[in-house]
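Keep the viewer open as you read.

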Amino acid sequence: MEDEVDRLVAAWRRERPDLDVEPLEVLSRVSRLARHLDRARRLAFAEHQLEPWEFDVLTALRRAGTPYQLSPGQLLTQTLVTSGTMTNRIDRLAKKGLVERLPDPSDRRGVLVRLTDEGRDRADQALAGLLDQERAILVELTSAQRYELANLLRQLTAPFDNIPG
C-alpha cells in the first residue's frame with residue numbers, strides 16, 4: 001500500500017540522490033498522523049463544547065483524583081503553558097462553571113483549582129469521544145502492532161519528556 005509520504009520520498013530521492021531522506025519515511029508520517037489526530041481531537045471536543053486547551057486543563061484536574069484539584073503551578077507543569085496563560089484559562093473555565101477557585105489550606109496566599117461536577121462530566125464525556133476517534137485512527141493495526149508502535153514512539157519521545165526545566 002502506497003501513501004503520500006512514499007510519493008514525497010521518491011520525489012526527493014529522484015531530485016536529491018545525494019541526501020539520505022530516510023528520516024522522512026518515519027517523521028513525515030508522524031507529522032501527517034498528528035494533523036489527522038488534531039482534527040479528530042477537535043471534533044471529539046467540539047461535540048462537548050470544549051476547546052482543546054479546555055480539555056487539557058479539565059483532564060489534568062480529572063486525573064488528579066478526588067477531590068479533582070490542583071494548584072495553578074501544578075496545572076502549569078502538566079499543560080506546559082505560561083502562568084499568564086494559565087490564569088486566563090482558569091478565569092474562562094470558572095466563568096463557564098467548569099472549575100472553581102478555592103483557598104489553599106496549606107498556603108494562605110495560594111489557591112487551588114477544583115473541577116466542578118459539570119466540569120468532571122464534560123471531561124469524562126469528551127474523553128470517551130476522543131477515545132472513539134482514536135480507536136478509529138488505529139483500526140488498521142492489531143493489538144500487538146499498537147503495542148509495538150507505542151513502545152517505539154516512547155523511545156523517541158522519552159528523551160524530550162525527561163529534559164530538565
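Helices (H or I, at least four residues) and strands (E, at least two) are DSSP runs, numbered from the N terminus.

Before going further, please note that this is a predicted model: local features need pLDDT of at least 70, and side-chain atom pairs count only at pLDDT 80 or more, while totals for chains, interfaces and linings use all residues. Residues are numbered from 1 along each chain as its sequence is written, and side-chain values use heavy atoms, with hydrogens and water left out.

Now pick out Leu93. Not counting residues up to four places away in sequence, Leu93 touches Trp53, Glu54, Val57, Leu58, Leu98 and Val99; contact means heavy atoms within 4.5 Å.

Next, find Ala60 in helix α3. Ala60 counts as buried because its relative accessibility is 1% (buried is under 20% relative accessible area, exposed over 50%, partly exposed in between, with a 1.4 Å probe and protein chains only). Leaving aside neighbours within four places in sequence, Ala60 is in contact with Leu70, Leu75 and Gln78.

Leu70 leads us to the sheet, where its bridge partner in β3 is Val113. The sheet is open and has three strands in the order β1-β3-β2, with antiparallel pairing; two strands pair if DSSP finds at least two bridges between them. β1 (69-70) and β2 (99-104) stand at the edges with a single partner strand each, so one side of each has no neighbour in the sheet. Two bridges join β1 to β3.

Finally, turn to helix α1 (residues 4-15), which packs against α2 at an angle of about 145 degrees, with the axes 10 Å apart. Axes are lines fitted to C-alpha atoms, for helices over the stretch in contact, and angles run from 0 to 180 degrees between N-to-C directions. Among the residues that meet are Leu8 and Trp12 in α1, and Leu24 and Arg29 in α2.
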